[in-house]
Every structure is written in C-alpha cells, then in structure tokens.
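Subject: Structure handover

Hello,

Here is the structure for you to look over. My notes follow it.

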Amino acid sequence: MPLDPEIAARLKRDGDGLVPAIVQQHDTGEVLMLAWMDDEALHRTLTTGRATYWSRSRQEYWVKGDTSGHVQYVREVALDCDGDTLLVRVDQVGAACHTGDRTCFDADRLQAVQGPAAAPAER
C-alpha cells in the first residue's frame with residue numbers, strides 16, 4: 001500500500017525524491033540524528049512503528065536497529081510548515097549513531113561565539 005496521497009502531496013522532495021528527517025528522542029527533545037526518507041520509507045515508518053530510512057550510500061531501505069539492535073520506536077512524526085522536513089520523535093534504544101555514540105552530534109562540537117541570551121518573551 002503506498003503513502004497516503006494527502007501526505008504525499010504535502011511533501012517537497014529533493015532531486016532524488018528524498019526528504020530530510022530529523023530524529024529526536026521523544027521525551028527529552030535530544031536531537032539524535034539526521035536521515036533521509038522517500039515516500040516508501042515514510043509509509044513504512046508510519047505503518048510499522050519502526051523508523052525506516054533510505055540509505056543514500058547503500059541505495060536501500062534500512063530499519064534502524066535491524067542489524068545493530070539500536071532500535072527506534074516511533075512515537076510521533078511531524079511535517080514542517082514548508083513540507084520539506086520531517087521530525088521523527090522516537091524512543092531510542094541504545095546508540096543512535098553508527099559510531100556507537102548516543103547521538104550523531106556528540107563527537108565533533110564546533111567552537112562558536114555565543115550570542116546574547118534572548119529575553120523570556122522572545123524565546
């Protein structure tokens with residue numbers, strides 16, 4: 001069964017038919033990783049409760065955790081206001097990154113100048 005046509009019509013895909021998916025731990029808000037989905041990967045994610053992505057390097061679908069055991073159980077999927085990015089909120093079991101780190105953003109922090117703190121009303 002294909003992706004719901006109403007959802008498919010809202011997606012803005014790149015030239016390869018893909019949409020970036022930001023993956024977030026559902027209860028803490030921790031950003032875990034960025035992956036890619038096409039219509040089939042999104043359909044599988046929405047209908048199985050397991051996060052499924054398109055591997056650009058291997059040119060195949062992968063269900064997070066099938067080989068590593070580090071499963072992502074889907075709690076919620078949201079489409080951004082422009083229809084060009086997905087937010088996948090999951091319950092992450094184990095490491096999210098293929099390197100074994102909890103997130104794909106743990107290992108390489110870049111030095112940046114911090115801007116001023118926003119006033120409470122601006123947050």
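Along the sequence, the protein runs α-β-β-α-β-β-β-β. That comes to two helices and six strands. Helices (H or I, at least four residues) and strands (E, at least two) are DSSP runs, numbered from the N terminus.

This is a predicted model, so local features need pLDDT of at least 70 and side-chain atom pairs count only at pLDDT 80 or more, while totals for chains, interfaces and linings use all residues. Residues are numbered from 1 along each chain as its sequence is written, and side-chain values use heavy atoms, with hydrogens and water left out.

**Overall**

The C-alpha atoms fill a box of roughly 50 × 35 × 30 Å along the principal axes. The protein has 123 residues, and 33% of them count as buried. Buried means under 20% relative accessible area, exposed means over 50%, and partly exposed is in between (1.4 Å probe, protein chains only). Now the contacts, meaning heavy atoms within 4.5 Å. Of those with a separation of 6 or more, 41% join residues 24 or more positions apart.

**Core**

A nonpolar core here is a set of buried Ala, Val, Leu, Ile, Met, Phe, Trp, Tyr and Cys residues joined through side-chain atoms within 4.5 Å. The largest one has 19 residues. Met33, Met37, Tyr53 and Leu86 touch the most other members. Strand E1 (19–25), E2, helix H2 (39–48) and strand E6 (86–92) each give two or more residues to this core. E2 gives the most, with four residues.

Leaving out residues up to four places away in sequence, Leu86 touches Leu11, Val19, Pro20, Ala21, Ile22, Met37, Leu42, Val77, Ala78 and Leu79.

Ala78 is in strand E5 (residues 72–79). With a relative accessible area of 27%, Ala78 is partly exposed. Beyond its neighbours within four places in sequence, Ala78 is in contact with Thr85, Leu86 and Leu87. The C-alpha atoms of Ala78 and Val88 are 6.6 Å apart, and these residues are 10 apart along the chain.

**Pocket**

The pocket search used a 1 Å grid over the protein atoms alone. A pocket is an open set of points where a 1.4 Å probe fits, with protein on both sides within 12 Å along at least five of seven lines; lining residues have an atom within 4 Å of a point. Points are joined across faces, edges and corners, and a volume is the space filled by probe spheres set on the points.

The largest pocket has a volume of about 440 Å³. Its lining has 22 residues, and Met33, Arg58, Trp62, Lys64 and His98 lie nearest the centre. Strand E2 (31–37), strand E3 (52–55) and strand E4 (60–63) each give two or more residues to the lining. E2 has the largest share, four residues. The lining divides into 11 nonpolar, seven polar and four charged residues. Here Ala, Val, Leu, Ile, Met, Phe, Trp, Tyr, Cys and Pro count as nonpolar, Asp, Glu, Lys and Arg as charged, and the others, Gly among them, as polar.

**Aromatic pairs**

How many aromatic pairs does a search of the whole structure find? It finds two. Rings of Phe, Tyr and Trp (its six-membered ring) pair if their centres lie within 6.5 Å; planes under 30 degrees apart count as stacked, over 60 as edge-to-face and the rest as tilted.

Tyr53 and Trp62 form a tilted pair, 5.0 Å centre to centre with 50 degrees between the planes. Tyr53 is buried, at 0% relative accessibility. Trp62 is partly exposed, at 22%. Trp54 and Tyr61 form an edge-to-face pair, 4.8 Å centre to centre with 70 degrees between the planes. Trp54 is buried at 18%, and Tyr61 is partly exposed at 27%.

**E3 to E4**

Look at Gln59, in the loop between E3 and E4. Most residues other than glycine have a negative phi. Gln59 has a positive phi of about 55 degrees, although it is not a glycine. Gln59 counts as exposed because its relative accessibility is 52%.

Val63 is in strand E4. Val63 is partly exposed, at 25% relative accessibility. Beyond its neighbours within four places in sequence, Val63 is in contact with Arg50, Ala51 and Thr52.

Best wishes
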